[in-house]
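Try each task yourself before you read the solution.

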Amino acid sequence: MKLSIILTSLCNCISCVILLVMGLSTPGQAEITSLDSANIDDVLNNAAVSLVNFYADWCRFSQMLHPIFEEASNIMREEFPDMKQVVFARVDCDQHSDIAQRYRISKYPTLKLFRNGMMMKREYRGQRSVAAIADFIRQQQVDPVIEIHSEEELKSVDRSKRNIIGYFDNKDSDKYRAFEKVANILRDDCVFSAAFGPMSESERFNGDSVIFKPVGDNIPDMAYIGNLDNFDLTYAWVQDKCVPLVREITFENGEELTEEGIPFLILFHLKDDNESLEKFQQEVTRQLFSEKGSINFLHADCDKFRHPLLHIQKTPADCPVIAIDSFRHMYVFPDYKDLSVPGKLKQFILDLHSGKLHREFHHGPDPTDSAPGQEEIASSPPKSSFKKLAPSGSRYTILTRDRDEL
């Protein structure tokens with residue numbers, strides 16, 4: 001028998017098996033909500049947890065994900081029949097480009113998690129399988145608030161992590177429901193605990209209360225003095241405590257930080273150089289706190305991020321180095337020694353916003369300047385250097401995904 005005939009027969013057999021398996025596992029009618037500009041806010045705002053598939057029909061990986069997403073939706077609907085608990089939804093990004101732009105979708109398919117209408121920073125990057133997606137949703141249903149039953153539990157709080165602790169008369173109150181909602185949204189950034197009834201009395205001398213325990217045994221607690229009935233105020237206070245002003249960028253979170261869509265101000269420092277990091281944190285707090293929300297303040301390990309340093313013609317031997325990554329170019333702060341000069345770091349950021357740094361790169365220093373402005377080195381292609389490469393030989397060789405990568 002000819003080899004071609006054998007191979008053809010074998011392929012036909014394999015195809016039959018695949019079709020049989022697909023037939024056995026094909027789900028019934030999936031309850032997936034198609035989102036558009038008219039219904040998206042209403043659907044997402046009224047669900048505790050929503051998983052949204054942003055897709056494009058022309059993308060083969062989007063096509064491959066559809067049956068997986070539908071079957072996972074069916075399983076979750078059986079376990080959580082209340083539409084206010086879990087919603088599986090989808091957005092055709094070609095038909096609704098305004099929604100794709102609103103949520104900064106740049107690759108397909110993208111699975112975004114929402115809580116009560118608020119998009120979480122961390123998109124779903126797990127395995128694209130029915131079991132993995134279903135398990136991910138089950139994890140989102142776990143109560144993020146740990147109940148405290150004894151003084152011993154309170155004393156044994158892990159001070160290597162940021163802790164938010166609430167003291168309430170009971171769980172059936174608007175104050176606790178607001179606290180629980182905040183905990184659900186920020187569960188990845190802080191550890192949330194709560195004490196109720198007699199266990200909480202010592203801390204409820206003025207009514208229900210919430211405190212923040214920072215990292216470190218000798219750092220004093222901070223009490224929330226706002227209205228606990230007001231979710232927005234409570235969330236803003238807790239977020240400020242749980243999400244540090246200066247965060248570390250790593251190969252694991254680089255893409256996630258890039259997706260926030262605002263430029264980076266990065267301190268490159270050697271791993272053991274805590275002095276430079278503390279100085280940078282102090283100056284960011286002193287000079288740039290008002291810029292929070294318009295730029296991400298980050299620090300990076302020089303040795304791990306050798307490749308981005310090459311973009312600005314630096315090596316670990318030059319660290320500490322401060323630079324801006326605007327996702328189009330990288331700009332170098334002229335002299336690290338000027339970090340503490342009043343207004344110097346602030347002006348560096350203002351020059352970014354005004355377009356001065358960009359102009360100087362293309363046309364040289366402004367003629368009105370008595371000295372050159374900042375260095376700027378082109379990043380090519382025009383996207384964050386931190387989204388692309390990792391050290392040679394590591395499993396993070398390519399960090400970013402192509403727009404249609406599964």
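## Cysteine links and a buried serine

Cys-190 is buried, since its relative accessible area is 6%, where buried means under 20% relative accessible area, exposed means over 50% and partly exposed lies in between (1.4 Å probe, protein chains only).

Before going on, note that this is a predicted model, in which local features need pLDDT of at least 70 and side-chain atom pairs count only at pLDDT 80 or more, while totals for chains, interfaces and linings use all residues. Residues are numbered from 1 along each chain as its sequence is written, and side-chain values use heavy atoms, with hydrogens and water left out.

**Exercise 1.** Find the partner of Cys-190 and describe the link.

*Solution.* 
- Step 1: look for a disulfide, which is a pair of cysteine sulfur atoms within 2.5 Å.
- Step 2: the sulfur atoms of Cys-190 and Cys-242 are 2.1 Å apart, and the two residues form a disulfide.
- Step 3: the link of Cys-190 and Cys-242 is left-handed, with -110° about the S-S bond.
- Step 4: this pair links distant parts of the chain, 52 residues apart, with Cys-190 in the loop between α7 (174–185) and β8 and Cys-242 in helix α8 (residues 231–242). Helices (H or I, at least four residues) and strands (E, at least two) are DSSP runs, numbered from the N terminus.
- Step 5: Cys-242 has 2% relative accessibility, so Cys-242 counts as buried.

**Exercise 2.** How many disulfides does the rule give, and which pattern do they follow?

*Solution.* 
- Step 1: another disulfide joins Cys-302 to Cys-319, with an S to S distance of 1.8 Å.
- Step 2: Cys-302 lies in the loop between β13 (296–301) and α11 (306–311), and Cys-319 in the loop between α11 and β14 (321–325), so the pair ties together parts that are 17 residues apart in sequence.
- Step 3: both Cys-302 and Cys-319 are buried.
- Step 4: the count comes to two disulfides, and with bonded cysteines counted along the chain, the pattern is 1-2, 3-4.

**Exercise 3.** Is Ser-200 buried or exposed, and what does Ser-200 touch?

*Solution.* 
- Step 1: locate Ser-200 in the loop between β8 (191–196) and β9 (209–213).
- Step 2: the relative accessible area of Ser-200 is 0%, so Ser-200 is buried.
- Step 3: leaving out residues up to four places away in sequence, Ser-200 touches Tyr-167, Phe-168, Asp-169 and Ala-195, where contact means heavy atoms within 4.5 Å.
- Step 4: the side chain of Ser-200 reaches the backbone oxygen of Phe-168 at 2.9 Å.

Conventions:
A polar contact is a pair of N or O atoms within 3.5 Å; within protein, one must be able to donate a hydrogen and the other to accept it, and residues adjacent in sequence count only if both atoms are side-chain atoms.
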